[in-house]
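Me: I'd like to learn how to read a model like this one. Could you take me through it feature by feature?

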Amino acid sequence: MRRFFAQNINASGDKAVLTCDEARHIKNVLRMKPGDEVLLIDGSGAEFRSVISSVTGDSVELDIIEKGACEADPNVLVTLFQCLPKQGKMEVIIQKCVELGVYAVVPTVSDRCVVKLDGKDSKLQRWNKVSVEAAKQCGRANVPEVKAPAKLSSLDPSEFDIVLFAYENEGDRTLKQALKAAGDLRSAAVVIGPEGGFTPSEAEELIEKGAVSVSLGKRILRTETAGMAALAQIMYELEQ
Ligand code: SAM
């Protein structure tokens with residue numbers, strides 16, 4: 001069933017209104033009509049089986065029939081701290097990591113990041129739109145938030161059960177070994193460096209703070225591949 005992102009579900013939870021892109025898609029692209037069924041997600045983790053009640057100028061009204069839980073969202077909440085990559089790669093990283101089950105993404109600024117953010121939040125809005133589209137496409141009800149960019153030094157390990165620091169110079173411990181040693185987890189952070197990797201002092205600081213350095217395998221992965229590889233390994237190991 002088609003999924004749409006609803007920001008306007010009423011307080012009693014039995015009606016919703018879609019506007020803007022979502023309404024245009026229903027009306028002009030899919031040409032759906034009153035009586036057609038769709039699934040609504042509101043980003044909270046729930047999904048709502050709904051029937052279109054009216055299609056007007058620029059809005060679509062729906063009656064909600066049933067609220068259910070979504071099986072597609074992982075129980076372990078994995079936040080990706082992705083050091084800012086060069087041009088355009090962030091969108092692909094967000095799209096693929098949402099498909100792979102990431103809970104949230106923090107665009108992260110580290111010493112060797114080449115990209116400088118201009119402080120405008122148009123990029124952040126665009127990244128969150130990519131997340132919504134990816135969540136809808138892959139059947140998730142929880143829409144991962146792309147948070148405001150933050151400095152690597154602001155990462156607070158106490159917010160997570162484990163911080164997995166993907167380090168190209170880690171020769172011993174694999175991600176799998178780190179997860180096995182950690183036992184049951186409710187949350188995890190994964191830190192991925194930029195194209196130029198981490199400086200020695202960044203690596204030292206992360207480890208001092210309690211992050212666990214892990215190898216993702218024998219080959220050096222591009223920054224845009226590393227987050228996806230880490231997510232896929234975590235979801236496989238934790239059976240999420
Ligand atoms: N410039 C670095 C070098 O040549 O060694 C490579 C940096 S790599 C392109 C970007 C980031 O991906 C790294 O900082 C790390 O977080 C992650 N990464 C890539 N391959 C990895 C691996 N085999 N194990 C752990 N992390 C890896």
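This is a predicted model: local features need pLDDT of at least 70, side-chain atom pairs count only at pLDDT 80 or more; totals for chains, interfaces and linings use all residues.

Me: How many helices and strands does the chain have?

Reply: Helices (H or I, at least four residues) and strands (E, at least two) are DSSP runs, numbered from the N terminus. Here the chain comes to six helices and 13 strands. Its C-alpha trace spans about 60 × 40 × 30 Å along the principal axes.

Me: What share of the residues is buried?

Reply: Buried means under 20% relative accessible area, exposed means over 50%, and partly exposed is in between (1.4 Å probe, protein chains only). Of the 240 residues in the chain, 46% are buried.

Me: And which contacts come from residues 24 or more positions apart?

Reply: Contact means heavy atoms within 4.5 Å. Take the contacts in the chain with a separation of 6 or more: residues 24 or more positions apart account for 73% of them.

Me: Where do the domains run?

Reply: Domain bounds come from an automatic or database domain assignment. For this chain that gives domain 1 (3-69) and domain 2 (77-237). Their centres, taken over C-alpha atoms, are separated by 32 Å.

Me: What is the area buried between domain 1 and domain 2?

Reply: Buried area is the accessible area (1.4 Å probe) that two parts lose on being put together, summed over both. Between domain 1 and domain 2 that is about 730 Å², with carbon and sulfur atoms giving 59% of it. Arg3, Phe5 and Ile41 supply 54% of the area that domain 1 buries against domain 2, more than any other three residues. By contact, eleven residues of domain 1 meet nine residues of domain 2.

Me: How many residue pairs are in polar contact across that interface?

Reply: A polar contact is a pair of N or O atoms within 3.5 Å; within protein, one must be able to donate a hydrogen and the other to accept it, and residues adjacent in sequence count only if both atoms are side-chain atoms. The rule finds three such residue pairs across the interface of domain 1 and domain 2, both residues at pLDDT 80 or more. On the side of domain 1 that touches domain 2, strand S1 (3-5), helix H1 (20-29) and strand S5 (46-55) each supply at least two residues.

Me: How should I read salt bridges, and how many does the whole structure have?

Reply: Side chains of opposite charge can pair when their charged atoms come close. The rule for a salt bridge is a side-chain nitrogen of Lys or Arg within 4 Å of a carboxyl oxygen of Asp or Glu. A search of the whole structure finds 15, and the count between domain 1 and domain 2 is two.

Me: Which residue forms a salt bridge with Lys129?

Reply: That's Asp21, with the closest N and O atoms 2.9 Å apart. Lys129 lies in helix H3 and Asp21 in helix H1, so the pair ties together parts that are 108 residues apart in sequence. Lys129 is partly exposed at 40% relative accessible area, and Asp21 is partly exposed at 36%. Asp21, Arg24 and Lys129 are linked in a network of salt bridges.

Me: Is Leu155 buried or exposed?

Reply: Leu155 counts as buried because its relative accessible area is 4%. Its place is the loop between strand S10 (150-151) and strand S11 (162-166). Leaving aside neighbours within four places in sequence, Leu155 is in contact with Phe81, Phe160, Val163, Val191, Leu206 and Lys209.

Technical notes:
Residues are numbered from 1 along each chain as its sequence is written. Side-chain values use heavy atoms; hydrogens and water are left out.
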